[in-house]
Amino acid sequence: MKTDVVIIGAGPSGIFTAIEMLRLGSKKKIVIVEKGQPVEKRRCPKAKTGKCMNCKPYCHITTGFSGAGAFSDGKLSLSSSVGGDLPTLIGEDLAQETIDYTDKIYLEFGADEHIEGLGHEEEKKEIRRNAIKAGLQLVDCPIRHLGTEKAQDLYGRIEKYLLDNGVEMYFGYECTNLKFDGDRCCGAFVTNGKDSFEIDADSTVVATGRRGADWLEKLCTEHNIAHRPGTVDIGVRVEVRNEIMEKVNSVLYESKLVGYPAPYKNKVRTFCQNPGGFVSQENYDNDLAVVNGHSFKETKSNNTNLAILCSHNFTYPFNQPIEYAQKVGELTNMLGAGKILVQRYGDILDGKRTWDKELAHANVKPTLVDAVAGDITAAMPYRAMTNIINFIQAMDQVVPGFASYETLLYSPELKFYSNKVEMDENFNTSCPGLHCLGDSSGWTRGLMMSSVMGVLMGRKLV
């Protein structure tokens with residue numbers, strides 16, 4: 001097959017590359033290759049079975065049109081201060097300008113016009129004051145909440161728009177390798193397990209998301225694409241009653257707090273807060289089960305969940321941070337017999353595991369009902385666990401009751417975007433013809449900034 005542009009991955013970066021090219025009147029042929037299914041065929045059987053079925057050959061929550069982010073909580077962060085390192089590559093002003101532009105596109109496709117986190121200035125000042133006292137920084141970021149179920153409808157409309165405007169999409173096809181002519185990337189090799197073919201392209205865009213970061217890192221090594229180890233995030237997902245988070249939820253919706261707790265002074269942050277949400281399980285290709293969180297527009301639980309992530313940077317001689325995080329996850333999965341582990345915060349401080357019977361009569365009922373009660377400290381590295389405990393204690397000064405005995409910690413919460421591909425401000429890699437976008441590139445974290453990177457890429461490819 002011959003095309004002008006081939007996009008590997010139908011997550012936000014890949015989608016918005018194609019959208020912007022069409023909006024600018026491009027007549028170039030665009031082909032998108034996606035390992036998963038179209039949005040209307042993405043179905044997690046857990047809704048019927050009540051437990052994770054470990055779907056093969058991939059998890060429908062993490063794979064398919066619109067990527068993993070849209071099927072978690074569907075939040076758009078509207079500030080350039082949130083979402084990764086892209087502003088350092090393109091500049092803060094362009095990043096914020098493109099966020100505003102991209103947000104309008106989301107609105108055109110049916111995003112909720114309401115923005116969370118605006119107003120309530122006096123309440124924000126009080127929260128920020130308490131954060132400062134606790135040694136934490138409050139990052140002020142307005143949020144447009146799509147909602148897990150509403151995001152699926154929105155991305156369904158985007159999918160139809162792309163198809164109606166001539167974008168060719170190959171679902172169920174996996175990219176096995178990139179194609180090169182000398183040092184120039186000239187396409188990709190793809191297969192659906194039965195049929196295989198080559199795609200020749202003038203421009204190749206790799207946008208495979210967090211779950212494709214490990215795959216892209218291996219390709220970078222194989223083809224001498226300039227890259228470097230980046231930060232890997234290891235942590236837990238915390239769940240408390242809505243009553244504990246009531247003020248923060250109503251004022252900010254998502255409390256983005258950052259700290260550098262003693263004694264290690266590693267960066268620790270909150271991420272992906274879900275008021276009235278549900279803790280969920282995601283599965284990766286190597287049977288690794290990781291925890292995440294969902295937040296629906298209509299259906300609400302009695303709990304709020306959020307991630308607490310510890311950033312780890314490695315130096316010589318170790319340069320495999322993704323593999324390190326995977327090993328932590330594998331060990332945790334081993335202790336949970338392949339399931340997510342959950343433990344009460346008080347039990348961690350008491351040095352004991354949590355038992356199912358103790359969760360049964362607690363105020364905080366786990367929303368991930370098939371999580372296994374146990375001891376996450378037996379698998380979590382000491383440094384990370386110490387950071388998490390100290391950060392939770394600081395959080396308790398901002399949100400009284402956050403560090404209660406019954407607060408639940410789920411593990412492992414891992415973010416695979418540590419490989420950082422070296423690029424210029426036009427997203428040109430060291431290999432001519434190849435561009436890398438989104439979370440797999442190491443430059444973004446989250447829906448909005450990934451979408452922004454796609455918009456800017458689309459402008460370059462017109």
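Contact is defined here as heavy atoms within 4.5 Å. The model is predicted, so local features need pLDDT of at least 70 and side-chain atom pairs count only at pLDDT 80 or more, while totals for chains, interfaces and linings use all residues. Residues are numbered from 1 along each chain as its sequence is written, and side-chain values use heavy atoms, with hydrogens and water left out.

Asn 390 lies in helix α12 (residues 382-398). Helices (H or I, at least four residues) and strands (E, at least two) are DSSP runs, numbered from the N terminus. Beyond its neighbours within four places in sequence, Asn 390 contacts Pro 261, Ala 262 and Pro 263. Its relative accessibility is 23%, so Asn 390 counts as partly exposed. The cut-offs are under 20% relative accessible area for buried, over 50% for exposed, and partly exposed in between (1.4 Å probe, protein chains only).

An open sheet of 8 strands has the order β4-β12-β13-β16-β11-β19-β17-β18, with mixed pairing. Strands β4 (136-139) and β18 are at the edges with a single partner strand each, so one side of each has no neighbour in the sheet. Pairing requires at least two DSSP bridges between two strands. Strand β11 (residues 232-241) pairs with β19 in the antiparallel sense over 6 bridges. Within this pair, Val 238 has Leu 409 of β19 as its bridge partner.

Helix α8 (residues 242-251) packs on the sheet and touches β11, β13 (268-274) and β16 (303-312). The direction of α8 makes about 110° with that of β11. Helix α12 lies across β4, β11, β12 (256-259), β13, β16 and β19, at about 135° to β16. Axes are lines fitted to C-alpha atoms, for helices over the stretch in contact, and angles run from 0 to 180 degrees between N-to-C directions.

Strand β17 (residues 341-344) is covered on both faces. Leu 341 and Gln 343 are buried on one side, Val 342 and Arg 344 on the other. Strand β17 is joined to β18 (residues 372-373) by 2 bridges, running parallel. To β19 (residues 408-415) it is joined by 4 bridges, running antiparallel. Val 342 stands opposite Ala 373 in β18, and its bridge partner in β19 is Tyr 410.

The axes of helices α1 (residues 12-23) and α6 (residues 148-164) come within 11 Å and cross at roughly 50°. In this contact, Ile 15, Ala 18, Ile 19, Leu 22 and Arg 23 of α1 meet Tyr 155, Ile 158, Tyr 161 and Leu 162 of α6.
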